[in-house]
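We will go from stop to stop, with something to select at each one.

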Amino acid sequence: MSEVDSDEAQLEMEEFPDGDEELFEQTYIPNYGTMPGEQEQLATDLGPYNKEATYLFGPKSRLLTAKGAGFMSKYMVEFDGNEDSVFFADGQRRIDFVLVYEEELKKPGDKKKMRAILSRKRKRAFFQANLKASGLQIEATRSVLDHSCIFLKLHAPWELLCRHAETLHIKLPLHSNDMKQRTSRFNCITKIFSVNEDKIPPEPEYFTAPFEMEHINSFQTADRESFFPPATRSRIVKYILNRCEYKKGNSRKFGITKLLDSKTYSAAYPLHDCKFNQKSSDPSCHNDRYLLYEEWAHPRNFYKLQPLDLIRKYFGEKIGIYFAWLGFYTGMLAIAGFVGLVCFIFGILTLDRNTWSQEVCDPAIGGLMIMCPQCDGECTYWRLNITCQSSRKLSIFDNYGTLVYAVFMGIWVTVFLEFWKRQQAELEYEWDTVELEQEEPRRPEYEAKCTIPRRNPITQEEELVPYSACGRCMRIVCGGGTVLFWISLIIASVVAIIVYRLAVFFEFSANLRKAIDDDLEPLKEYLTPQMATSVTASIINFLFIMILNMLYERVAIWITNFELPRTQTDYENSLTVKMFLFQFVNYYSSCFYIAFFKGKIVGYPGKPIYWLGRFRNEECDPGGCLVELSTQLLVIMGGKAIWNNVQEVLIPWLKNLIARCRKKSEEKLPRWEQDYQLQSIPKLGLFYEYLEMVIQFGFATIFVASFPLAPLLALINNVIEIRVDAWKITTQFRRILAAKAQDIGAWLPILHGVAVFAAVTNALIIAFTSDMIPRLVYYWALSVQPFGEHSSPTMRGYINTTLSVFRVTDFSNVSKPINHPSWFDPETDTTCRYRDLRYPPGHPLQYEHSLYFWHVMAAKLAFIIIMEHVVFTVSFLVSYWIPDVPTHIKEQIKRESYLTQKLLHERNITGWHKKMAATSKNLIKNPMSLTSTDMDV
């Protein structure tokens, strides 16, 4: 039983003890927030006190039995048939929020169930009374489809909005923006991709300031209806709901979140303004949802820019900043994807001119090279040219174009992040989130636990905090230890996959070619033991990733809740770090194994190295592990994209479809009931969208040297992702509550970390995973005299030089192959070849690393140092030359500060100066006529 459940059970036992049968027969009158004058009528209808009417909170509040409950229906407003209305029945007061609950039937004899029902009714009654006391107006309506379902519509009047706007430091229009707006030089190009301004006109620009009630006349309050946009109104109402008590005498029992968790209310949400595919019949409706669907979420708009201001206006800054970042990232991927495609085409065009690949496929070279067995006993000798196809595929990715592309991507990442900072700074100013950190209120869950007094070092006043310094350290240590434990589980799963690879490769090597029948004969060249092992291990690894993700998700949320962060931003940042660390290890660990460990520590045929003393370490294909790394990336990226789309799109769509089929009716439904039938957005829905994109960013940058098409695939995915996410939140989910966000939070430093990591990883991949450096060393140094036989640099003879020789009589009894292929003659075939750079048998240092190996190793280390310094130097210069905040934004911020000072503060000072001057003159002329007002001045 959870902590919430146990608290609720204890509460029910305290309120409704065993044996109080009469209490079980009573039903509470819900507080529907009657308007002035209606309470007296309610008392008249109830009549004098009798046994069938008992008291709720003292002698003036009453309960109603089922016998007398029917008359309450007259205090519920009937649906008037206007399915587009977002107002109360009077057509004047806007519905800012909706609460939903279901009236539960009594079960005589089931005391535990009755306690729970009555407890929930009492909470609702007290909660709604407190909502009304806070200033909210409430109107109740029964469901059209299910009469046991009650909708409570909440409206915040003007005075309440003003009071809480000041509390929340909400910035509101102060003065129209009178500075000249800069126009882009590329407007003629971007106009093709821009939204239709006839349908979605640009938002008017204002200088804003935190709202102050005493200076209300300085703000643009001419139109009160539009002064507080619907998203802001809903945000203020949610602030009240989060802090309203639901149990009398207990200040820790408050907040709509707990009531939703305990099923006291079944839903709480703001309203969509209209249907997504049809304009509202109400002339006062702006039809923002319809415009967003038609001009943003519809698939035909895939090539257009996003209407970010309208997204922000309708869904709030938090959703707006996500789509702004996703759109900017996708636009930058277009550049990276194009260059990657050019690199890929270059690899295809140079395929037939690739000398080392031709040598592998040549029957006179690769066809005569006998390769040593790659496992003990069951594996046998094989000819090099059977890897012809994999060598040709490898040459598409492992070429000089990839080297240039890896350096380009190291610089691209820096340019992307620097220009995003500029874009983010513009949005912070335009969306009034520059000083959000000082404005953000504390989380209700944090406030509920504040019991320990502490002196604030800033204000020098005593305040309550939820834990001491020692308690905070203990929470952090506990959370960190749990994260490390789960990361160790991932490492254990990777070790299990490695053991699987070693074990199954042995079986595939012994039996795969025997199992291929005549129908699969064309695939024989492609279906090698290495390829079969790689593909099956990749699929199993992907399943492990998904399972561990689902388990760790709950653990990470529990740890973050236990740490009790102060604000919602702190909460999300803490959860972000935990989830990303886990996901980073979970998704990338297998790729790192293939890139940097597989085939690197294998020994040589006469003295192989074993895992756990039993499994012989697996080797790479003679062409290297780059093809296998590309396969792993493709499986994980593709599988992840399919899984996410099924989870995010298909499941909500099916749930909504099933709900519509179950409640199919020809009756018109009000706006609030239409929205109730939609899915509720998960609490961390946006968090997972960010996580998905950042993990993808890692795949597109960290391993780009092995798979240049990764940015292009990411681009295609993101073009679809933007429209899918837009379609999802516009059509399938209830309206998301508008929330403030200054930036993308902890994701920005994470992206910076990934960028640095990507530069290092790509340098290591080119140096140690690809054969780029050995080929360059051979071409420029070892192919020509005095080391080689050629007069000019060439790649001819590269394969023969890079495959070492092993004498078959030097096999140990364990490693010696049991069976020989029909073409193998033990009398004449006395040696085999293997992938390494070692001295041949008969040499004084036989089977030791050769001088070529050390030349190559020195070249690899030099390349890593040079590439990292080039990338980091250029990145530093780019970040230095590109300021984080554009000049015109700095000017507008200064102008706004000046106007705020002038209109809100200097005006007051000027007024006081005038009063003081008038009072002084009056005092000089007639000292005895000093009034009390003059005395105050």
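## Stop 1

Select N399 and G401 at the start of helix α15, where a side-chain oxygen of N399 comes to within 2.9 Å of the backbone nitrogen of G401. Bear in mind throughout the tour that this is a predicted model.

Now extend the selection to the whole of α15, residues 400-430. How far apart are the end C-alpha atoms of this helix? They are 45 Å apart, which agrees with the 45 Å that 31 residues should span at 1.5 Å a residue. Just after α15, click on D432, where phi is positive, at about 60°.

## Stop 1

As background, nonpolar side chains in soluble globular proteins tend to be buried together.

Centre the view on Y329. Leaving aside residues up to four places away in sequence, Y329 touches W412, F416, M693, Q696, F697, A700 and N718.

From that list, pick Q696, which sits in helix α23 (residues 685-702). Is Q696 buried or exposed? Its relative accessibility is 7%, so Q696 counts as buried. Its side chain makes a polar contact of 2.8 Å with the side chain of N718. With residues up to four places away in sequence again left out, the contacts of Q696 are Y329, L333, A714, N717 and N718.

## Stop 2: three disulfides

Select the cysteines next. How many disulfides does a search of the whole structure find? There are three. Each bond of this kind is a covalent link between the sulfur atoms of two cysteines.

Begin with C361 and C388, whose disulfide has an S to S distance of 1.9 Å. The link between C361 and C388 is right-handed, with 100° about the S-S bond. C361 belongs to helix α13 (residues 355-361) and C388 to helix α14 (residues 388-397), so this pair ties together parts 27 residues apart in sequence. The cut-off between them is 20%, because buried means under 20% relative accessible area.

Move on to C372 and C832, another disulfide, with sulfur atoms 1.9 Å apart. The torsion about their S-S bond is about 90°, so this disulfide is right-handed.

Then select C375 and C379. Their sulfur atoms are 1.5 Å apart in the model, and the two residues form a disulfide. This link of C375 and C379 is right-handed too, with 95° about the S-S bond. C375 and C379 are both buried.

## Stop 4

C285 counts as buried, because its relative accessibility is 13%.

## Stop 5

Switch to a cartoon view and select strand β3, residues 97-102. Five of the six residues in β3 are buried.

On which strands does β3 have bridges? One is β5 (residues 149-155), which pairs with β3 in the antiparallel sense over six bridges. Highlight V98 and its bridge partner in β5, K153. Another is β8 (residues 267-269), joined to β3 by three bridges and also antiparallel. Here, highlight V100 with its bridge partner A267.

## Last stop: a buried cysteine

Finish by selecting C162. With a relative accessible area of 0%, C162 is buried.

How values were computed:
Residues are numbered from 1 along each chain as its sequence is written. This is a predicted model: local features need pLDDT of at least 70, side-chain atom pairs count only at pLDDT 80 or more; totals for chains, interfaces and linings use all residues. Side-chain values use heavy atoms; hydrogens and water are left out. Buried means under 20% relative accessible area, exposed over 50%, partly exposed in between (1.4 Å probe, protein chains only). Helices (H or I, at least four residues) and strands (E, at least two) are DSSP runs, numbered from the N terminus. Two strands pair if DSSP finds at least two bridges between them. Contact means heavy atoms within 4.5 Å. A disulfide is a pair of cysteine sulfur atoms within 2.5 Å. The expected span of a helix is 1.5 Å times one less than its number of residues. A polar contact is a pair of N or O atoms within 3.5 Å; within protein, one must be able to donate a hydrogen and the other to accept it, and residues adjacent in sequence count only if both atoms are side-chain atoms.
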